[in-house]
Amino acid sequence: MPPSPEDHPDPTQLPATMRAAVTTHHGGLDAIELREVPLPRPGPGELLVRVGAAGCNNTDLWTREGSYGLADDPDAKAGWLGPLDFPRIQGGDVAGTVVAAGAGAGAGELVGARVLVDPALYDGPGPDAMVADVLGSERDGGFAEYVVVPAARAHRVDGSPLTDVELAALPIAYGTALGMLERGSVADGHTVLVTGASGGVGLAAVQLARARGARVVAVCSGDKADAVRAAGADHVVDRQRGRVVADAAAATPSGYDAVIDVVAGAAVGQGLGLLRAGGRWVVAGALDGWAVDLDVRRLYLANLALVGSTMHTPRIFDLLVGIARRGDVRPAVAATFGLDEVAEAQRQLARRLHVGKLVVVPGAAG
């Protein structure tokens, strides 16, 4: 349904200020403050988007904490792409309505449009360019009433059956998961093992792999098994049994075409034998540890591939926008929060007791 006139106010009537959850420094939850800040103004080729909803991601926690380190100093406080400027408005997942446009490139044609924002700026042109800058990290993001984004990164989703809250669950988690499936060459009829399946990226991978026609074996804690099955898993391995590799092997004795892994740790080296010859182990996280003990003979003798995968590319995000427009996948949303509850959202995200996405809704009362 197209937006109604009240969904995109006259730009001349926009407020001078807005509410935003501002991260003031690397640190704990006390680094987040609700502030009244100047309304940002779009420059040439940019749009001002009224934020309908903004999803939460693990990168919000690690960026606030400065947990990524630097190449020459692993203990340094930094965001995942390097040092950050503060104060910073976090929130890389944005769905909303364009309310104003800067000059140039037909950006004005998008005023009034409902959009899903690609949070990435890329290191060059082309469909497979790499991420060089992320909304909510290197520039202010969506934990605010309004956000400025490049017009080229705003994708129309006017007719999508998904709500803004559901759309805001997609960009980083589902973009990362879709990139993993693409890099793992997952296709109809394949059997796929997904680790960390109750988390944002893991649950997205379960849904997206099932939508492709794959058989999905998912690893999660037993208390979350029903929710993961509801998302599309054919079989669930309970990680709390402490026998993940053995139980995954028993679930699929003939082996897996791909492993979609956000956990890493010891299971990588131990689990390579789960793959069929020519299979791919795709890693996009290290929740169980980044140090891996690997027998490379198991890798090359079976023509296996160990693939790193970080976020998405322009081509992959275009695929994700198509999924959003059609409503092929309906993201699971565990809870929503107001702007004054961003710290609580991050606290719950860190506890990992939920299944599905946590989403900030700027217009909601906390």
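**Cores, surface and salt bridges of the predicted model**

Beyond its neighbours within four places in sequence, V206 contacts V194, A197, V216, A218, V228, A231, G232 and A233. The model described here is predicted. V206 belongs to the largest nonpolar core, which has 54 residues, and together with V228 and I260 it touches the most other members. Helix α3, spanning residues 170-183, supplies the largest share of this core, namely 8 residues.

L339 is located in the loop that runs from β17 (333-337) to α10 (342-351). With a relative accessible area of 2%, L339 is buried, since the cut-off for this class is under 20%. A separation of 288 residues in sequence lies between L339 and V51, yet their C-alpha atoms are 11 Å apart in space.

On the surface, a nonpolar patch is formed by V296, Y300 and L301, whose accessible area together is about 350 Å². L301 sits in the loop between α8 (296-300) and β16 (305-308). The relative accessible area of L301 is 65%, and L301 is therefore classed as exposed, the cut-off being over 50%.

The cysteines were examined for disulfides, and the count is 0. C56 is buried, its relative accessible area being 2%. C220 likewise counts as buried, at 2% relative accessibility.

Several backbone features were noted. The peptide bond leading from F86 to P87 is cis, with omega near -5 degrees. P87 falls in the loop between α1 (58-65) and β4 (88-89). S185, although not a glycine, has a positive phi of about 55 degrees. This residue lies in the loop between α3 and β11 (191-194), and S185 is partly exposed, with a relative accessible area of 41%. A positive phi, near 50 degrees, is also found at M311, a residue other than glycine. M311 occupies the loop between β16 and α9 (314-326). At 8% relative accessibility, M311 is buried.

The structure contains 20 salt bridges. In one of them, R139 pairs with D133, and the closest N and O atoms are 2.4 Å apart. R139 counts as buried at 17% relative accessibility, and D133 is buried with a relative accessible area of 15%. Another salt bridge joins D226 to R229, with 3.2 Å between the closest N and O atoms. D226 and R229 are both part of helix α5 (residues 225-231), where they are 3 residues apart, about one turn of the helix. D226 counts as exposed at 64% relative accessibility, whereas R229 is partly exposed, with a relative accessible area of 41%. D295 forms a salt bridge with R297, in which the closest N and O atoms lie 2.9 Å apart. D295 is partly exposed, at 29% relative accessibility.

Technical notes:
Residues are numbered from 1 along each chain as its sequence is written. This is a predicted model: local features need pLDDT of at least 70, side-chain atom pairs count only at pLDDT 80 or more; totals for chains, interfaces and linings use all residues. Side-chain values use heavy atoms; hydrogens and water are left out. A nonpolar core is a set of buried Ala, Val, Leu, Ile, Met, Phe, Trp, Tyr and Cys residues joined through side-chain atoms within 4.5 Å. Buried means under 20% relative accessible area, exposed over 50%, partly exposed in between (1.4 Å probe, protein chains only). Helices (H or I, at least four residues) and strands (E, at least two) are DSSP runs, numbered from the N terminus. Contact means heavy atoms within 4.5 Å. Patches are made of residues with over 30% relative accessible area and no salt bridge: like charges are joined within 9 Å, nonpolar side chains (Val, Leu, Ile, Met, Phe, Trp, Tyr) within 5 Å. Accessible areas come from the Shrake-Rupley method with a 1.4 Å probe; for residues, only the protein chains shown count as cover. A salt bridge is a side-chain nitrogen of Lys or Arg within 4 Å of a carboxyl oxygen of Asp or Glu. A disulfide is a pair of cysteine sulfur atoms within 2.5 Å.
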